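Here is a quick tour for anyone opening this structure for the first time. Have the 3D view ready and follow along, one region at a time.

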Amino acid sequence: MTAMTRMCWCSSNAVLILAREGEVTVPDTMPVAGVQRSAGLDGQVDLVLRNARIHTGDPARPAASALAVRDGIIVRVGTEHDVAVLVGPGTRVIDALGRRVIPGLNDSHLHVIRGGLNYVLELRWDGVPSLGEAMRMLAEQARRTPAGQWVRVVGGWTGEQFAERRLPTVAELNAVAPETPVFVLHLYQSALLNRAALAAVGYTKDTPDPPGGQIVRGHDGTPTGLLLAAPAAGLLYSTLARGPVLDPDEQVGSTRQFLRELNRFGLTSAIDAAGGFQSFPENYAAVTALAGDGLLTVRIAYHLFPQTAGQELADLERFTQMVKPGDGDGWLRVNGAGENLAWSPADFENFAEPRPELPAAAPAELEAAVRLLLDHGWGFRLHATYGETIKADLDVFTRVAADGGFPRGVRWFFDHAETVTEESLDRIGELGGALSVQNRMMFQGPAFVARYGPERAATAPPITKMLERGLLVAAGTDATRVASYNPWLSLEWLVRGRSIGGMPLGAAGNCLDRATALRMYTHNGARLSGEEDVKGVLKEGYYADMAVLSEDYFTCPEEDISHIESVLTMVGGKVVYATAEHEGVAADPPPITPAWSPVAHHGGFHATPKPSGYRQALGLAEVAEAGDEHRAWRASRADVPPRPGPPPPIDPCFAP
Ligand SMILES: [Zn+2]
């Protein structure tokens with residue numbers, strides 16, 4: 001006896017219609033026409049995603065075409081038939097239209113909490129293809145910005161991404177924003193302030209240079225508006241910190257908008273790296289409020305970072321009295337200390353400057369911090385760019401290991417590790433450590449090449465050497481002040497090894513296959529926060545965190561990876577972002593406040609159409625236009641004679 005079962009899917013809140021030929025009784029526990037019935041779930045799942053090309057990340061079942069979700073958890077992954085039987089009258093059925101579906105991305109090094117507090121105040125040049133376009137945005141935003149507020153461009157871009165291949169000048173900032181303070185941060189290297197911003201922060205010829213920073217001056221000692229990290233970025237950040245901040249309610253709204261912007265790229269988790277000027281608990285109020293109201297749309301595991309040089313141990317002691325790792329829940333939880341444990345051992349990755357020598361006190365201060373943390377059962381992450389720093393840190397850990405044990409069962413990992421040596425990688429393995437790498441070279445690669453040469457850049461960081469040793473390596477961006485938060489830039493860099501302006505950096509042997517890169521961005525990140533049993537793969541019993549992609553990550557041309565976005569992002573079974581054919585499926589975001597916010601007018605990451613050919617054409621057009629403008633400006637200063645008459649026509653046939 002055979003049962004002919006036909007299924008009919010409707011597009012939303014569907015009822016599964018089972019049309020059977022003849023009188024067939026279907027026992028609940030028997031597979032029928034490929035449909036495995038499962039007692040207790042029939043007709044009771046909340047959501048089904050079907051007609052999808054699912055990359056599960058689960059080696060036991062790498063591919064699937066449908067999955068079902070109940071109470072935010074995946075309850076089945078399989079074929080259409082496997083999942084169809086679970087659909088009931090209350091089930092939302094989403095047709096992925098054959099698109100690629102991946103586990104939600106997890107940025108293992110993102111300053112997401114700090115970034116959220118300021119997001120709506122920032123004009124993002126991330127992804128903007130030309131300086132001409134960037135300056136038009138800035139001019140518009142300066143006109144819209146009310147008195148007392150600033151226009152700030154803080155990271156996510158470099159001059160290399162522009163068709164013009166250069167930074168703006170202070171004169172250009174003054175021309176488009178004569179009254180409004182403008183602060184433009186470029187990587188870890190420099191900041192540009194227009195005249196109004198210099199006045200707002202009060203830098204004059206009497207202001208001394210702080211240690212590690214330079215206020216560039218004209219012949220009479222007056223600051224020009226250029227600030228340099230020499231080599232540390234402290235001056236850049238302390239200047240930025242003089243700008244107005246949002247009030248607490250606006251910080252909550254700003255954080256919510258930032259998380260939604262991350263959802264736009266399929267990000268569903270992040271491990272926060274704290275950062276300078278990010279104090280606990282006060283600067284965590286916004287994210288805690290959102291968690292309390294059930295409004296987080298990115299799961300966050302966070303680290304705590306002592307802020308005041310000389311008082312690090314007191315800060316760490318205070319943290320251990322207030323919270324402990326694992327506190328919180330699947331949305332917001334404590335994951336340990338870092339990425340700084342003390343100020344002195346922190347190196348700065350300004351590749352435009354020589355590698356900084358760490359102060360003599362650094363090892364002892366790190367050792368005291370690590371001993372305190374281990375005594376309290378705290379794990380940590382540790383910022384370290386250079387091989388020399390990592391070797392010195394490992395010497396500290398080895399001393400602690402010989403005398404009391406290390407790591408005593410806690411999770412610990414290095415961040416960045418651009419020039420870590422193979423010997424140190426072996427030692428990291430022996431000491432039970434892991435690594436978190438980011439696409440900082442995509443932004444800083446040209447400066448690195450200029451100082452250290454292409455050969456060293458080819459393995460910075462040596463990712464395949466890490467993976468060959470079986471080390472746990474997770475991926476991320478280190479956004480928002482140097483790299484962009486867009487995870488697809490980082491995934492493209494892992495696969496392709498090129499800078500944002502297309503400079504080949506990575507050796508072929510240091511570039512990864514796409515599945516490995518994605519695993520580093522999903523399950524490996526979950527392992528760094530001890531959540532590998534609940535997230536990072538699409539599998540029964542795991543969080544329903546996933547993204548339906550605009551483009552198939554596994555088959556698109558490599559140079560198009562950075563153009564991928566999500567068309568539907570789900571976190572805990574809830575659709576938090578939806579566009580294209582799914583527009584309207586997610587609830588509308590609240591309006592952006594303040595109303596003059598650059599994000600309200602320019603959005604976040606600036607998407608450009610693929611393929612890259614379009615970007616080039618646009619860039620050339622911009623350069624041509626800028627050329628005329630530049631000539632006119634020089635003519636106004638009598639540097640060059642004005643071009644006589646109207647500009648020459650392209651083709652004499654069209655001349656008047
Ligand atoms: Zn760092």
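## The six-stranded sheet

Let's begin with an open sheet of 6 strands, whose pairing is mixed and whose order is S5-S4-S9-S23-S24-S25. At its edges sit S5 and strand S25 (574-578), each pairing on one side only. Keep in mind as you look around that this is a predicted model.

At one end of that order, S4 and S5 run antiparallel and are joined by 2 bridges.

## A glycine between two strands

Between strand S4 (53-55) and strand S5 (63-64) there is a loop, and Gly-57 is found in it. Is Gly-57 buried or exposed? Gly-57 is buried, with a relative accessible area of 17%; the cut-off for buried is under 20%.

What does Gly-57 touch, leaving out residues up to four places away in sequence? The answer is Pro-62, Arg-519 and Val-537.

## Helix H7 and what surrounds it

Helix H7 lies across strand S24 (566-571) and S25, and runs at about 80° to S25. H7 also meets another helix: its axis and that of helix H8 (residues 285-292) come within 9 Å and cross at roughly 75°. That angle makes H7 roughly perpendicular to H8. On the H7 side the contact is made by Gln-251, Val-252, Thr-255, Arg-256 and Leu-259, and on the H8 side by Ala-286, Ala-289 and Leu-290.

Now step into the loop between helix H7 (248-263) and strand S16 (267-272), where you'll find Arg-264. This arginine is buried, with a relative accessible area of 12%. Not counting residues up to four places away in sequence, Arg-264 touches Glu-565, Ser-566, Tyr-577, Gly-604, Phe-605 and Ala-607.

## The zinc site

Which residues coordinate the zinc ion? They are Glu-339 (OE), His-383 (ND1) and His-416 (NE2), at 1.7 to 2.2 Å. Along the sequence, these donor residues follow the spacing E-x43-H-x32-H. Glu-339 lies in the loop between strand S18 (332-337) and helix H10 (362-375), while His-383 is in strand S19 (residues 380-384), so the pair ties together parts that are 44 residues apart in sequence. Both Glu-339 and His-383 are buried.

## Two helices side by side

Next up are helix H11 (residues 387-402) and helix H12 (residues 422-430), whose axes come within 10 Å and cross at roughly 30°. That makes H11 roughly parallel to H12. Their crossing is left-handed. H11 brings Ile-390, Lys-391, Leu-394, Asp-395 and Thr-398 to the contact, and H12 brings Ser-424, Arg-427 and Ile-428.

## The four-stranded sheet

There is also an open sheet of 4 strands, in the order S7-S6-S3-S8 and again with mixed pairing. Strand S7 (73-78) and strand S8 (92-95) stand at the edges with a single partner strand each, so one side of each is left without a neighbour in the sheet. From one strand to the next, the twist averages 15°.

S7 and strand S6 (residues 66-70) run antiparallel, with 5 bridges joining them. Across that pairing, Leu-67 stands opposite Val-77 in S7.

## A covered strand

How many of the 5 residues of strand S12 (residues 182-186) are buried? The count is 5 of 5, and the strand is described as mostly covered. Val-182, Val-184 and His-186 point one way from S12, Phe-183 and Leu-185 point the other way, and all are buried.

S12 runs parallel to strand S11 (residues 151-154), and 4 bridges join the two. In this pair, Val-151 stands opposite Val-182 in S12.

## Stepping back

Finally, the whole chain. It holds 20 helices and 25 strands, and 56% of its 656 residues count as buried. Take the contacts between residues at least 6 apart in sequence: 73% of them join residues at least 24 apart.

Technical notes. Residues are numbered from 1 along each chain as its sequence is written. This is a predicted model: local features need pLDDT of at least 70, side-chain atom pairs count only at pLDDT 80 or more; totals for chains, interfaces and linings use all residues. Side-chain values use heavy atoms; hydrogens and water are left out. Donors are N, O and S atoms within 2.8 Å of the metal (3.2 Å for Na, K and Ca); water is not among the atoms, so sites may look incomplete. Buried means under 20% relative accessible area, exposed over 50%, partly exposed in between (1.4 Å probe, protein chains only). Two strands pair if DSSP finds at least two bridges between them. Axes are lines fitted to C-alpha atoms, for helices over the stretch in contact, and angles run from 0 to 180 degrees between N-to-C directions. Angles under 35 degrees count as roughly parallel, over 145 as roughly antiparallel, 65 to 115 as roughly perpendicular and the rest as oblique. A crossing is left-handed if the near helix is turned anticlockwise from the far one by less than a right angle, and right-handed if clockwise. Contact means heavy atoms within 4.5 Å.
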